[in-house]
Each structure stands twice: as structure tokens, then as C-alpha cells.
Amino acid sequence: MSGRVRGKWLALLCLVPFALFFIVFEIAPLAWVLINSLQTEDSGWSLENFTRIFSSKFYLQAIQFSLEISFYSSVFGIIIATLGSYSLRRVDSRLRNFVTAFANMTSNFAGVPLAFAFIILLGFNGSITIMLKQAGIIQDFNLYSKTGLILLYTYFQIPLGVLLLYPAFDALREDWRESAALLGANDWQFWRHIGLPVLTPALLGTFVILLANALGAYATVYALTTGNFNVLPIRIAGLVSGDVSLDPNMASALAVVLVALMTVVTVVHQLLLKRSYHVSR
């Protein structure tokens, strides 16, 4: 019994560095942002920053664009990642290992290099853009628009989605498919009643991670548009480091709004998980 107690205290002692790291780099900055969001230079403590945000078409547009780009890129990303992860389970192990390693590498390919690569390929004079125009497939394409950013975000969502969803397909056993086929179920019925319910928690969890990944993306969109596209991370950075519109308190309020959006998404995710669990039972 004393050995168990010592082991318990040793485990708690090992958690102390992690707890200190979490408090210093997670809780303390969040508390600092929350406190500063409730302060203004003229009025002191007030909700003026939040009032300005939700009464300004400019900031509301930033919230709208951030949500739209994050949502659509996450939807497209998770669809492609699901198909890719399922395909990886059914190919040769060498090809599977290569694609997995490639996805791991490209999941870290973001920021300035990614923006530069897309400018070369899909910019106004990009090689792929010119070829598609010459072939008559497209008339024009603006990489620096909302559609272009959705395409860009989808690109770096796919490798992360593959890495997160690939292990989830281990939960699908091949004998389940064979048993379903023996009972007369076709492929659609198998996926509807067995495959998708089993994968739903992983799909929902991956979608939330992709949404958070897109909502917080800054370096890539800044490098691509030089800070001229209206999304929340760009607005926050501009208010913190801008020479003309320096307002760290407003930046803190926008950061709180961004955190609140992620909190809402996480709560909805948990509710959907509980619902899917009860339905599967």
C-alpha cells in the first residue's frame, strides 16, 4: 500500500512541470488578454471595446470572413482527408508509409513558403492559372480573394486531417463488413449503420481541430495578402503592431471574441458527440 502511495505522489510530482508550463503559457496569457479587453484608455474598465466590435461593420466582416473561410476549408479538408485515409488502409504498406510521411511533412508546410508556392502556381500570372486560361477552363481566378483563401486553407488542412483520421480507421474491422454482406447489407447500408457511427467521434473531433487550425492561421494569409484581407488574426496583429492604429486593448477584445468562437465550437462538438453516442447505442 505504501508503494502505491509513493507511486501516486511521484506521478503528481511529475505533473508539476506540466502544470507550471500550462499556467504560465496558457492560463496567464488568457487572463491577461481578458483583463485588457475590459479596459480602454479613456473610460477605464468598461465593455466599450466589445460594443465597438459588434457595432462596427468592419470588425463584423472580419468575424464573418474568418468563420466562412475556416468552415468551408474544414469541410472540404475533412472530406478529402476522409477519402484519403480510407484509401490508405487499402493500399500497399510501402505506398501507405510514403503518403503518411509526406502528409506529416506537408502538414508543417505553411506560412511564407506556402504563400510563395501558391503565388507561383495560382497567382494572377501563376503557371497553373495561365494553363487553365489557355485551355479555356477558367476566365479569371483571384488567389487573393475569399475563394482563393479557402483553396489555400484547404491545402494545409488536408495533411493534418489525414494524420488525425488515419488511425481512426483501425476501429473498422474487416469482419464487420463481411458479416454485414452475409446478412444482405450493401456498401451504403454498411457505412450508414456501422462505418459512419463508429467514425463519427473521430470525424467530429478532427473537424473541430481543423476549424481551430484555420481560425488561428496568421502567417500564411498575411504573407499572401500582406495584411490586406479582413480576418480576425490580421486585425488582431494590426492593432498590436500597427504604426497607425495601435490599440492593444481592442486587440485583446478581438482575441476574446476569437476564443469565444472556439469555445462555442467546442461545446457544440461535445453535444454532438453525446448525441452520436446515444444514437449509436
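**Aromatic pairs and a helix crossing**

Colleague: Which residues form one aromatic cluster here?

Modeller: In this predicted model, one aromatic cluster is formed by Phe71, Tyr72, Phe76 and Phe207.

Colleague: And how many aromatic pairs does the structure hold?

Modeller: There are 15 aromatic pairs in the structure, and one of them joins Tyr86 to Trp191, with 5.2 Å from centre to centre and 80° between the planes, an edge-to-face arrangement.

Colleague: Where do Tyr86 and Trp191 lie?

Modeller: Tyr86 belongs to helix H3 (residues 57–88) and Trp191 to helix H9 (residues 187–215), so their pair ties together parts that are 105 residues apart in sequence.

Colleague: Switching to helices, how do H4 and H7 cross?

Modeller: The axes of helix H4 (residues 93–106) and helix H7 (residues 146–165) come within 8 Å and cross at roughly 130°, so H4 and H7 are oblique to each other, and their crossing is left-handed.

Colleague: Which residues make the contact?

Modeller: H4 contributes Thr100, Ala103, Asn104 and Thr106, while H7 contributes Tyr155, Pro159, Val162 and Leu163; sorted by class, the contact has 5 nonpolar, 3 polar and no charged residues.

Terms used. Residues are numbered from 1 along each chain as its sequence is written. This is a predicted model: local features need pLDDT of at least 70, side-chain atom pairs count only at pLDDT 80 or more; totals for chains, interfaces and linings use all residues. Side-chain values use heavy atoms; hydrogens and water are left out. Axes are lines fitted to C-alpha atoms, for helices over the stretch in contact, and angles run from 0 to 180 degrees between N-to-C directions. Helices (H or I, at least four residues) and strands (E, at least two) are DSSP runs, numbered from the N terminus. Angles under 35 degrees count as roughly parallel, over 145 as roughly antiparallel, 65 to 115 as roughly perpendicular and the rest as oblique. A crossing is left-handed if the near helix is turned anticlockwise from the far one by less than a right angle, and right-handed if clockwise. Contact means heavy atoms within 4.5 Å. Ala, Val, Leu, Ile, Met, Phe, Trp, Tyr, Cys and Pro count as nonpolar, Asp, Glu, Lys and Arg as charged, and the others, Gly among them, as polar. Rings of Phe, Tyr and Trp (its six-membered ring) pair if their centres lie within 6.5 Å; planes under 30 degrees apart count as stacked, over 60 as edge-to-face and the rest as tilted.
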